[in-house]
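Colleague: Could you take me through a few local features of this model, with the cut-offs behind each term?

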Amino acid sequence: MNITPKWWHDAVVYQIYPRSFCDSNNDGMGDLQGIISKLDYLKTLGVNVLWLSPVYKSPMDDNGYDISDYQDIAPEFGTMADMDELLTEAKRRDIRIIMDLVVNHTSDEHPWFIEARKSKDNPYRDYYVWRQPAEGGGVPDEMGSVFGGSGWEFDEQTGEYFLHIFSKRQPDLNWENPKVQEEVHKMMNWWIDKGIGGFRLDVIDLIGKEIDKKITGNGPRLHPLIQQMNRATFGDKDLLTVGETWDATPEIAKLYSDPAREEFSMVFQFEHISLTWKHGDKWQPIPLDLPTFKKVLTKWQVELADGGWNSLFWNNHDLPRVVSKYGCDGQYRVESAKMLATTLHMMKGTPYIYQGEEIGMTNVAFDSIDEYRDIETLNFYKERTENGVAPETMLAAVHENSRDNGRTPMQWSDSDNGGFSSVEPWIKANPNFPEVNVNAALDDQNSVFYHYQKLIELRKSLPVIVYGEFEPVFEDHDKVFGYVRSDANQRLFVLNNFTAEEVTLALPEYLQAERVECVIANYAHHQVLSATITLKPYESFAVLLPEGR
């Protein structure tokens, strides 16, 4: 093993979507004081890093991923004094705060863009990407927006188009301009000086774009720009940095996360996520094919074994709830939530828990599109239904894959709105909050919460989980996912049934043992591994095998 140990290797990160986490002042929206009030809960869970989705000043066209001031806090969330208090109170509990940083684009209300659109010779003009209309008028080219429609927006004032890969209220920054680089680096250092623990860099793989060559992700200038950022900001500090890279392959991920290259600690890759999208289209959901899913996860485990580091995640603010996606959110909600947690947390990499995942929160199925708030969901619903997709078909796809599945309010109790707020929240609570909530989970020793707590404890106490090699077992089986983690001292066998059926397996001889130590399970603990084993629905366990096997 050629890995130099880092503090974030055995860390567990908890992602907070601030507007949906906890509302302290009863205005229907979560806030920084709400997060501060729940730090003891998070300490009890055992996480030691909090990743906050953006809390910067923003008109909230895309829920804060459209930043109008990088060095101020959105009034909905509080003040910079609240932010300073959060950093102080988190530090007292040995919890670090990771800021979500969006530097591919800004809000159209950012002072740089307000200046840039005043005239073609404004000093800020080149902070953004502008093009002349096509010959005969119209958009410069066919570049599309991720949120639907054209990626170009006409600006009346100067008669040119500006680029927006996301919403038209999110103009793309021009990273070829050294002034943009300097401004961003200065701002990052300002946050580092405040005492944050690192950055999650939103869609960072887009900053090396070469628009005229139709290159957006993974452009040739991308890695030099990131290495320059590393040198100018976090490189000589002990911070966690994770890049969001939708199109990364293991080879590309190594470019980002091999320590010798001095870029990021790790990346988020989404290959395992998009397997349930037909032809890569999230609005055409298809069932999970487990053998393919296992191949993808195994590939990332094996190929990043020495030259990089994995982020381990099922959920975030852009994704559906994992228990609804890969598990069973009905009869076996608790069992399948625990199984999925074990599958992920026993792998090599840094695990990320998304708020509510630790109590088994589920997708929501609102009756009407009018109850949804996500700009992407609303845009695509309108576009697809106008182009002939039946509204009920589109609503079914929204129920499966809308980003709002992960954005309904955190369910703290069985009181109004799940204890999130005493007034109507910005988005309706999932109606299952009377059964699925933190208070109920804390009162039940067999809850999903305590399973996550145990998994976090195990990662801190068993180095084999953090650094051990990964070897798949039952690779071609269409119902179970098994693997062995091993180092010089220990071998850990992990087995997970991904179905609601009982499954009987013939165990290879090297896994059979008269006595094993079961470290975690979601049914009765196994103490012996015989030639055959029968797994209950969604059964999952991890056992330490005897030495010498």
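Modeller: Helices (H or I, at least four residues) and strands (E, at least two) are DSSP runs, numbered from the N terminus. Residues are numbered from 1 along each chain as its sequence is written, and side-chain values use heavy atoms, with hydrogens and water left out. Because the model is predicted, local features need pLDDT of at least 70 and side-chain atom pairs count only at pLDDT 80 or more, while totals for chains, interfaces and linings use all residues.

Colleague: How many residues of the contact of α3 with α5 are nonpolar, polar and charged?

Modeller: Ala, Val, Leu, Ile, Met, Phe, Trp, Tyr, Cys and Pro count as nonpolar, Asp, Glu, Lys and Arg as charged, and the others, Gly among them, as polar. On that basis, the contact of α3 with α5 divides into 5 nonpolar, no polar and 2 charged.

Colleague: Are α3 and α5 parallel, perpendicular or oblique to each other?

Modeller: Axes are lines fitted to C-alpha atoms, for helices over the stretch in contact, and angles run from 0 to 180 degrees between N-to-C directions. The axes of α3 (residues 80-92) and α5 come within 11 Å and cross at roughly 55°. Angles under 35 degrees count as roughly parallel, over 145 as roughly antiparallel, 65 to 115 as roughly perpendicular and the rest as oblique. The two helices, α3 and α5, are therefore oblique.

Colleague: What is the handedness of the crossing of α5 and α6?

Modeller: Helix α5 (residues 178-194) packs against α6 (residues 222-232) at an angle of about 40°, with the axes 10 Å apart. A crossing is left-handed if the near helix is turned anticlockwise from the far one by less than a right angle, and right-handed if clockwise. For α5 and α6 the crossing is right-handed.

Colleague: Which residues make the contact of α5 and α6?

Modeller: The residues of this contact divide into 4 nonpolar, 4 polar and no charged. From α5 come Q181, H185, M188 and N189, and from α6 come L225, Q228, M229 and A232.

Colleague: Is P546 buried, partly exposed or exposed?

Modeller: P546 lies in the segment after β22 (540-544) and touches A513, R515 and V516, not counting residues up to four places away in sequence. Buried means under 20% relative accessible area, exposed over 50%, partly exposed in between (1.4 Å probe, protein chains only). At 29% relative accessibility, P546 is therefore partly exposed.

Conventions: Contact = heavy atoms within 4.5 Å.
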